[in-house]
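Here is a briefing for a reader who is new to this structure. Look over the sequence and the model, then take the topics one by one.

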Amino acid sequence: LHHVEPLLYTQFCLQIPPVIRFACLVTLKGKKHATYYESCELIPKQKYSLFSLAGSSNAKLKLQSKRMSMDFFETIKSRHSIRAFLDKPIEPDKLRMILETIRLAPSAGNLQAYTVGVVYNDTLKKRLAEAALGQDFIAEAPIVLVFFARPDISSARYRGRGADLYCIQDATIVCTYAHLAATALGLGSVWVGAFSEEEVSKILNAPAQWRPIAILPIGYPAEKPIPTSRRPLAQTIVEYH
Ligand SMILES: Cc1cc2nc3c(=O)[nH]c(=O)nc-3n(C[C@H](O)[C@H](O)[C@H](O)COP(=O)(O)O)c2cc1C
């Protein structure tokens, strides 16, 4: 080990303290061999920010996805809703992978008319659980993502169709990506749609124009997924020859 350089993570959200990570550049026979990133243990569990000044790259995403994830079809097949979570934090790299995956989602006119709230705070999680008709597992999860549709972004180009449809679809797609990325990384999550939009917006102090469309608690599963049935293909498609 030849070089250790501390990198400061940006303080993305005021509720999150800054985090120090260490980048370790490993050289072999004078040539750069690898760079490892390690989180600093000086901060309390689950209190980390995601946005490294070192930035992110697709190369890193690819590298990590090879190491930590499962095959696409295996992910699709194994995904089921998880409503019980271990008291175990999500590794910052995994959370970051989920959020980087979200960024790659398609969106109407590439406007990306969504915002994702990343909730670490226990009090906020409890209040979200109450706003979701007492779905207490939300408060158990180490991380809760809240997906907002942004009609203010969409309507600027697409007017009514942007405000009523495209921004909802954009936010829905990114929630799906996050749900699947979590599965691929060995995490559990459940799509929560039953909540008071008004209360969720109030709890997270969201601007009036943002519309919360889904809550996704994520964590290590504390239950086995329950297999669920699906309508047969013949009932779900119409063919046009
Ligand atoms: C739009 C939407 C809203 C949902 N809302 C809730 C919810 O509020 N609470 C909950 O426990 N599950 C919710 N779910 C999860 C579904 O119940 C679940 O995906 C479905 O029963 C199929 O089970 P599986 O995900 O385990 O395959 C929701 C799923 C979707 C797609």
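Helices here are DSSP runs of H or I with at least four residues, numbered from the N terminus. By that numbering, Phe73 sits in helix α2, which covers residues 72–78. The model is a predicted one.

**Salt bridges**

- How many salt bridges does a search of the whole structure find? The search finds five.
- As a general point, side chains of opposite charge can pair when their charged atoms come close.
- Is Glu100 buried or exposed? Glu100 is buried, because its relative accessible area is 14% and the limit for buried is under 20%.
- Asp122 forms another salt bridge, with Lys125. The closest N and O atoms of this pair are 3.4 Å apart.
- Asp122 and Lys125 both lie in helix α4. They are three residues apart, about one turn of the helix.
- Lys125 counts as buried, with 2% relative accessibility. Asp122 is partly exposed, with a relative accessible area of 48%.
- Arg211 and Glu197 meet through their side chains in a salt bridge, at 3.0 Å from N to O.
- Arg211 lies in strand β7 (residues 211–219) and Glu197 lies in helix α7 (residues 197–203), so this pair ties together parts that are 14 residues apart in sequence.
- Arg211 is partly exposed, with a relative accessible area of 38%. Glu197 is partly exposed too, with a value of 32%.

**Surface patches**

- Which residues make the nonpolar surface patch? Phe72, Phe73 and Ile76 make it, and the patch has an area of about 340 Å².
- Phe73, placed in helix α2, is exposed, with a relative accessible area of 57%.
- A patch of negative charge also lies on the surface. Glu130, Asp136, Glu140, Glu198 and Glu199 gather in it.
- Where is Glu130? Glu130 lies in helix α4, which covers residues 122–131.
- Glu130 is exposed, with a relative accessible area of 59%.

**Cysteines**

- The count of disulfides comes to zero. The cut-off behind this count is a pair of cysteine sulfur atoms within 2.5 Å.
- Cys167 counts as buried, at 0% relative accessibility.
- Cys175 counts as buried as well, at 0% relative accessibility.

**Backbone angles**

- In general, most residues other than glycine have a negative phi.
- Asn110 is not a glycine, yet has a positive phi of about 55°.
- Where is Asn110 found? Asn110 is in the loop between α3 and β4.
- Asn110 counts as exposed, at 52% relative accessibility. The limit for exposed is over 50%.
- Leu133 is not a glycine either, and has a positive phi of about 55°.
- Leu133 has its place in the loop between α4 and α5, where α5 covers 137–140.
- Leu133 counts as exposed, at 66% relative accessibility.

**A pair in space**

- Asn121 is found in the loop between β4, which covers 114–119, and α4.
- Is Asn121 buried or partly exposed? Asn121 counts as partly exposed, at 24% relative accessibility.
- Asn121 and Val144 are 23 residues apart in sequence. In space they are 9.1 Å apart, C-alpha to C-alpha.

Methods:
Residues numbered from 1 in each chain as written. Predicted model: local features only at pLDDT ≥ 70, side-chain atom pairs only at ≥ 80, totals over all residues. Heavy atoms only, no water. Patch = residues over 30% accessible without salt bridge, like charges linked within 9 Å, V, L, I, M, F, W, Y side chains within 5 Å. Areas by Shrake-Rupley, 256 points an atom, 1.4 Å probe, with all protein chains shown as cover. Salt bridge = Lys/Arg side-chain N within 4 Å of Asp/Glu carboxyl O. Lys, Arg positive; Asp, Glu negative; His and termini not counted. Charge placed at Lys NZ, Arg CZ, Asp CG, Glu CD. Helix = DSSP H or I, 4+ residues; strand = E, 2+ residues; numbered from the N terminus. Buried < 20%, exposed > 50% of the residue type's maximum accessible area, 1.4 Å probe, protein only.
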